[in-house]
Amino acid sequence: MASPRRRVKVVIVEDHTLFAESLELALTLEGYDAHRVDLPEVPPSEAKLHSLIMRTQPRIVLLDLDLGQHGSGVRLIAPIARAGADVVVVTGATDRTRWGHALHAGARTVLPKTVPLGEILGTVRRLNYGLSVLDVEERERLIGAWVGQEQNLIEIRERLTQLSRKESQVLEHLMGGFTVGDIAKLRVVSEATVRTQVKSILAKLGVSSQIAAVSMAHKAEWRAA
């Protein structure tokens, strides 16, 4: 009698061809109906990409978080999960708050690409048999770290909205690597004026240095309006 694993379809969504092929081969040898998605050269719409992934109605999807020109894999997790497939994120990303984001979106677990291939196969096997693949406390901890970061970003963005138009322009110049002297020449004002504006920026953002202010703005992916 055929192994039940042969009826289990596993799709691999990965922009690194060699890694994807290695997973495909290993899963096939284990008896799974595995194949990788050939990502189009021109990035399709999210709906089209989702359709490519789900066209064979997979039971399990192994998904990378970073899909190169195709963007973040996180956006694909929720629609794949809603369609009834288990998502296992296999990623080179080491930022565990990103792992929490993936779990919050609906992934069953997250595995770093550095784990032995056998661990990935073991995770697929456990999902196939309806077993847990991630400790509840670890899941909650990772999701909590992501939620905390998101709250921090909300607070940062709220502080950035307090900047005046001129202060926003000065901060954007600082983000571009300009010095106070450079900004003064560019804006045709005195360095004292720019220093006053910088001092106001630091006070509104609650930081003590230009480096901290620039770091905060980059973290929030902020740009002057």
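This is a predicted model: local features need pLDDT of at least 70, side-chain atom pairs count only at pLDDT 80 or more; totals for chains, interfaces and linings use all residues.
**Entry 1. The end of helix α7**

I then went back into the helix to ask which residues of α7 are buried. They are E167, S168, V170, L171, H173, L174 and M175. I recall that an α-helix has 3.6 residues a turn, so residues three or four places apart point the same way. I next looked up what these buried residues pack against, and found α6 (136-160), α8 (180-187), α9 (191-205) and α10 (210-219).

**Entry 2. S168**

Is S168 buried or exposed? Its relative accessibility is 10%, and S168 therefore counts as buried, the cut-off being under 20%. Leaving out residues up to four places away in sequence, I found that S168 touches L163, W222 and A224.

**Entry 3. Strand β1 and its two partners**

I turned to strand β1, residues 9-13, and found it mostly covered, with 4 of its 5 residues buried. I looked up the pairing with strand β2 (residues 33-36): the two strands run parallel and are joined by 4 bridges. Within this pairing I12 stands opposite R36 in β2. I followed the chain from β1 through helix α1 (residues 17-29) to β2 and recorded a right-handed β-α-β crossover.

I also checked β1 against strand β3, residues 60-63. These strands run parallel too, joined by 4 bridges. V11 stands opposite V61 in β3, and the bridge partner of I12 in β3 is L62.

I asked which residues cover the two faces of β3. I60 and L62 lie on one side, V61 and L63 on the other, and all are buried. I set beside this the general rule that in a regular strand the side chains alternate between the two faces of the sheet.

β3 is joined to β4 by 4 bridges, and the two run parallel. I60 stands opposite D86 in β4. The chain crosses from β3 through α3 to β4, and I recorded this β-α-β crossover as right-handed.

**Entry 4. G71**

I located G71 in the loop between β3 and α3. With a relative accessible area of 30%, G71 is partly exposed. Leaving aside neighbours within four places in sequence, I found G71 in contact with L65 and D66. I also looked up its distance to P43: the C-alpha atoms of G71 and P43 are 8.7 Å apart, and the two residues are 28 apart in sequence.

**Entry 5. Salt bridges**

How many salt bridges does the structure hold? I recorded 14. Side chains of opposite charge can pair when their charged atoms come close.

I began with R36, whose side chain meets that of D38 in a salt bridge at 3.1 Å, N to O. R36 counts as partly exposed because its relative accessibility is 24%, whereas D38, at 55%, counts as exposed. I found that E21, E24, R36 and D38 are linked in a network of salt bridges.

I next looked up E46, which forms a salt bridge with R75; their closest N and O atoms are 3.8 Å apart. This pair links distant parts of the chain, with E46 in helix α2 (residues 46-54) and R75 in helix α3 (residues 74-82), 29 residues apart. Both ends are partly exposed: E46 has a relative accessible area of 38%, and R75 is at 30% relative accessibility.

I then examined R108 and D86, whose side chains meet in a salt bridge at 3.0 Å, N to O. R108 lies in the loop between α4 (96-105) and β5 (109-112) and D86 in strand β4 (residues 86-91), so this pair ties together parts that are 22 residues apart in sequence. I noted R108 as partly exposed, at 29% relative accessibility, and D86 as buried, at 12%.

**Entry 6. Aromatic rings**

I searched the whole structure for aromatic pairs and found 0. I did find a charge placed over a ring: K113 lies over the face of F19, at 5.0 Å from the ring centre.

Note on methods: Residues are numbered from 1 along each chain as its sequence is written. Side-chain values use heavy atoms; hydrogens and water are left out. Buried means under 20% relative accessible area, exposed over 50%, partly exposed in between (1.4 Å probe, protein chains only). Two strands pair if DSSP finds at least two bridges between them. A crossover is right-handed if, with the strands pointing away from the viewer, the path from the first strand over the helix to the second runs clockwise. Contact means heavy atoms within 4.5 Å. Rings of Phe, Tyr and Trp (its six-membered ring) pair if their centres lie within 6.5 Å; planes under 30 degrees apart count as stacked, over 60 as edge-to-face and the rest as tilted. A charge sits over a ring if NZ of Lys or CZ of Arg is within 6 Å of the ring centre and within 35 degrees of the ring normal. A salt bridge is a side-chain nitrogen of Lys or Arg within 4 Å of a carboxyl oxygen of Asp or Glu.
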